[in-house]
Amino acid sequence: MLRESSLPVFPRFVRLLSLLALPALAVLPACKYDSADVEWTIPTRGDSEIMVQPVIAVRLTNTMTASDIANTESGMITVTGDQTSGEYSGTIVAANEQDVFSGQTIAEFQAGINQPPDLIDPLDPSQGTEEPAGDNTLVFLLSPLEQFKPGERITVKVSENVTVLNVPFSSPYVFSFIVEGGEARSEGELFVRETIPLQSSGAAGLRPAVTAYLSENITAGTESDAVRVVGGQSGSHAGGVSRLEQNDVLTSVVHVLEASDSFLPGEKVSVTFTSNISGAGSSPLSPYQLTFQVRPGLNEGGWEPDYLEPLAPDRAVAVLAADFMPGSGAVELLTVSSTLVTLYNSQGRQGTVAVPAGWTFTDAVAVDADGNGSVQIVAMLLGSQGELRLQEYRVGDSGSISSTEARLDFATLSDGGEGGSAASLYLADLNSDGLPELMALHGDGSFAADAVPGLPAGLGDFGDLGDFGLPVEEEEPESTGYLTIFQLTMGLPADGQFNLNDPENLLELQFAPLRNPISGFDPSRKIQLADLDNDGRLDLVSEAMDGDLAGGLVLYRNQTTSANPFSFRKVGTLKNSAGGDYAPDAWIVFDFDTDGDVDVVSWKDSSALLHENTYRDVGDLLAGGFDGGNDLLGSLSGDEPRGLLFEEVVPETADLNGVVAHRGDLLEASNLDGDPLGSADLVVGGAGEEDRGSLVVLRNQSIPGVGQSFEKIELDAGEAGVVSGLALLDLNGDTGLDVATVSDGSPLVYGSLGVQAAMVPDPTLYRLQPVDENGNDVTIDHLASLEANDVFGVKVFADIQASFSGYSVALDYEQFELDYLGFTAPSGFEQLALFEACPQDENDNSCGGFATASMTYQQDTTGAAFDNVELGVFRFRCRQVFGRTDTRIGFASSGATVVSNVLTAVEAGVSQEVPVETGEAIEFELEPPPPPELEVTCNVQERGALSSEVLISWQAQALRYDRVKIRIADGPPIYIDWDSGSYLVGVSSPGDVSISVEALLADSDIGPTVICGVVHVPQPSDVRCGKEGELNIVTWDWDPGIAVEQFRIYRNGSFRSSVLPVGGFIFEDSPSTDDGSDLYEVSAVIGGIESSRGACSGLDPEPCDTEVPIRSPVVGTLLSRSSSSAPLRIRWDWINGEAYDLMRLELLFEPAAPGSAPVNLFGETGMELEGPEANRDSFIYEGELDR
């Protein structure tokens, strides 16, 4: 039974007393024991397979008494580790061995401690007492917030003040054990055995296929989106395609970049296979990071210097190379002095930014922190009081440099020695998750409590400690020692000021320091990170600055796991040839012998030593692949730890052709000359002899397996000046690596010469060739001679630059001049989808003007790169055209259709759609047949008193013109769009009126003309009615200059008589016998065409017997329309029996919806007509009736 509950972070010991057990314990013979002792421990002494968060149990030689328990205090069991500074915190509990042994797993035991039952309060007698359970075991339970590091040696010390039966230990009891994982290649069963390219290879192409060979089969699909790729100069490369190949013998995952993506020449690349990949048993892959260099162009001409334009000479604290300018797609050079940051590209100086007042720059790195492919700058700044700052800078499109709100300040505690002066930055993916971390060397650093995460990443959230009912101590500022790891995250601004409408800038970079990432890390002058044991985790080599190891090279093995993401174990120091302590003047880690593992080259007293890494003893495995005679599976199966981290390596003298590096020199290893084998060259820059400066290239001309050979090249004839900054990049764009320095305070670039460029293959090119209906090649002149309904074809050819499994072609054509008849596929291919001819029939106007085909190889085969590959024939038929004679067939633009012009390329078995370049379009003229005569009609739609409405129509759908010019008699021309098809015009000239209609093309004002005529008959005016005796007298006015055939007289709507013009403009009539008044109307007839009627004026004082009129409406008539787009026209006629001063019209429509009220289209009060308009006998409505 467990009896203890206390703080898991700050251990205390409070034992519940059991009064009932005291008499029994009192009779035990205390004199039996000379001293307390231990019978057994868990873990046992020397155990080496212990979990990272175990229970530590110490079985005592007898049962503890109440006073023993009361006297046991916090700190009587201390737990320390050789990778951790200070003591591990935890909880001490008293238990019976049954609680440790009888049926409880360690997890169950831990659960009992972390979630204790309600216990009796020993200070409250009313709660009684609890029977003791014979507690004979002290248990130390590690705090939930802490865990041991893989491979760490743990020492447990039981204080001599612990008593058993009131007898103390004679001396402290000490035992130790080792945590599991220290020598394992991975944290689980699924891990990466080998990669192509090999680690540290320098022969990879601009678009390499990266392959990871795994230890066992995985769950298909987990490899998708599980690979992260970051270029040291180009930033993150999102997307890409991963392909899984697995069988009973071998499992591999191949990753290639997106079709349009590639690396920059000469840049270092990190490819991480993440734990998203999982095995058949759901165990995640141990993350594996592969680092290699992209091979630059082959340098055959050496290098020549080119000075840039500094604002002022100043020593460099950092020289960086990356694609800083958004959208440039090239590498820029950035120099950092103590006061100024300056950006250069191939055109010269671009932007600068000065250090803030009161600060100086000490170092800087280039990083794509947000993973969007855009590279930023993180600089370290030193304040006047020794404080440090991390500050982000960004480069704009034009090269301007500006600071952001992303910064972090922290203090350093100088110890007065050299250790307080180092302040430098390093960038690396330390936990192999595809995201970079910053490492900072500095004096002992401390951070405010709110700047340090409560838990290292990966441990999860334990919630509020108050959940345990336990007090929480106020946090003190956390020290991180002489090295700090900063996790880079993107979060909302700390000040809460953000703009949701600007999503691209919504988040800002944040720096999260980790507490004591490497316990006991001594002040360091320089570190370098490289995977020494090929486990996919970057190990650390540090040059100690002071202490017992001052000047020595200390090796730390990266033992990161998913549960403990940042864990390094100190494994020893490099020795000299005699096996003694060794403090070199200069050193660098790189693959010296091109065997796929990294070595250490050092200099001491002008002599060079090679500390060869024996991890890989496979000389035949080079970046180019495996030879048929190699034991591939055997080379991938070994997981025995070996190499510099596990073996005492005796260094050998290295013949470097006189190249010597001194303390403080800058060293860069790279395949500088573009060697196809990827051999690393070495660049050494510094003060040189007598401070004249030195810049030397050690050109590696070795052939692996044959022999080593080096060429020494002194750049600028040994007068390079004192080199304070060094970077390698392709600044001039020839794909060869240039050497950029800051020499004697001025930027200087040694540009590469005579470079055989490293290039990605040229894109595939599609071309068009016209053919006749039988598939024979023809010329453009032949197409121009085709007539309506003639058939021809367009054959598509391709110069294909990659292996491929299929392709798609999309053409656009003039659908009004051509009909698409279909596609004829080449042999060996089949269509992925059916693309029908267009149009389907003569009346089909739904075609979009695109002809497409998407093809794949039959039987899943792959075609090789080849020129002049036939991709099929698109067949067309000429339509009958009028007016416009030119036509065009070309490649459709990207995104215009669902099917695009792409090639399904295959790289390392991975298929991707690759955009292609397209050739010129086919353009030719179609010879149209003689167009039919232009047909024009002119119809009077309505005759009014002063003018007639005439509808002019032409055959817009049959012919092809742009405009029409209409002229009424001798009036001004009117221009109308051809496609309108008609035009309504008012004609006011009396008699025969000539209307000319002329069809025009483009800007021409001359074209086919048709003359049509109409007759406008004006209405007799001022019709008056009167009486003379018993007769009704009707008079009217008429222009005597207008010849008229007759006047027609109507009474009450019925024809009454004709009056010839020779008889004057008067009509006499006897009254009608009908009740009511008589309404007379007069019309004129010219050329057999009758005008509208003029009615008696309601203004007459005595108009032919004025009585209540008789009005008889008739059914409305729907008039014809000029086109389907013209408005509706409805006419109503009625018989008018009297002349009036005022008439009100109401036009009512009943909506379609049942029960809806009628709607008056003339408004609520209707339409009022006055004067002559009040005596009209018809009305025309024009508009749409949506009812």
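The model is a predicted one, in which local features need pLDDT of at least 70 and side-chain atom pairs count only at pLDDT 80 or more, while totals for chains, interfaces and linings use all residues. Residues are numbered from 1 along each chain as its sequence is written, and side-chain values use heavy atoms, with hydrogens and water left out.

**Confidence**

- The protein has a mean pLDDT of 79, and 78% of its residues reach 70 or more.
- Residues 618-630 have pLDDT below 50, and the model gives this stretch 16 contacts beyond near neighbours in sequence.
- Where pLDDT is low, the predicted coordinates should not be read in detail.

**Salt bridges**

- The structure contains 25 salt bridges, each defined as a side-chain nitrogen of Lys or Arg within 4 Å of a carboxyl oxygen of Asp or Glu.
- One of them joins the side chains of E245 and R243, with an N to O distance of 2.0 Å.
- Within this pair, E245 is partly exposed at a relative accessible area of 40%, whereas R243 is buried at 18%; buried means under 20% relative accessible area, exposed over 50%, and partly exposed in between (1.4 Å probe, protein chains only).
- R389 and D409 form another salt bridge, their closest N and O atoms lying 2.7 Å apart.
- Because R389 belongs to strand β27 (residues 388-395) and D409 to strand β28 (residues 401-413), this pair ties together parts that are 20 residues apart in sequence; strands (E, at least two residues) are DSSP runs numbered from the N terminus.
- R389 is buried, with 14% relative accessibility, and D409 is partly exposed, with a relative accessible area of 41%.
- A further salt bridge connects the side chains of D535 and R557 (3.5 Å, N to O).
- D535 sits in the loop between β33 (524-530) and β34, and R557 in strand β35 (residues 553-558), so the pair ties together parts that are 22 residues apart in sequence.
- Both D535 and R557 are buried.
- Salt bridges with shared partners link D533, D535, R537 and R557 into one network.

- E543 lies in strand β34 (residues 539-544).
- The relative accessible area of E543 is 4%, so this residue is buried.
- Apart from neighbours within four places in sequence, E543 contacts P523, S524, R525, K526, G551, G552, L553, P584, W587 and R663.

Notes
Helices (H or I, at least four residues) and strands (E, at least two) are DSSP runs, numbered from the N terminus. Contact means heavy atoms within 4.5 Å. pLDDT is the predictor's confidence in each residue, from 0 to 100.
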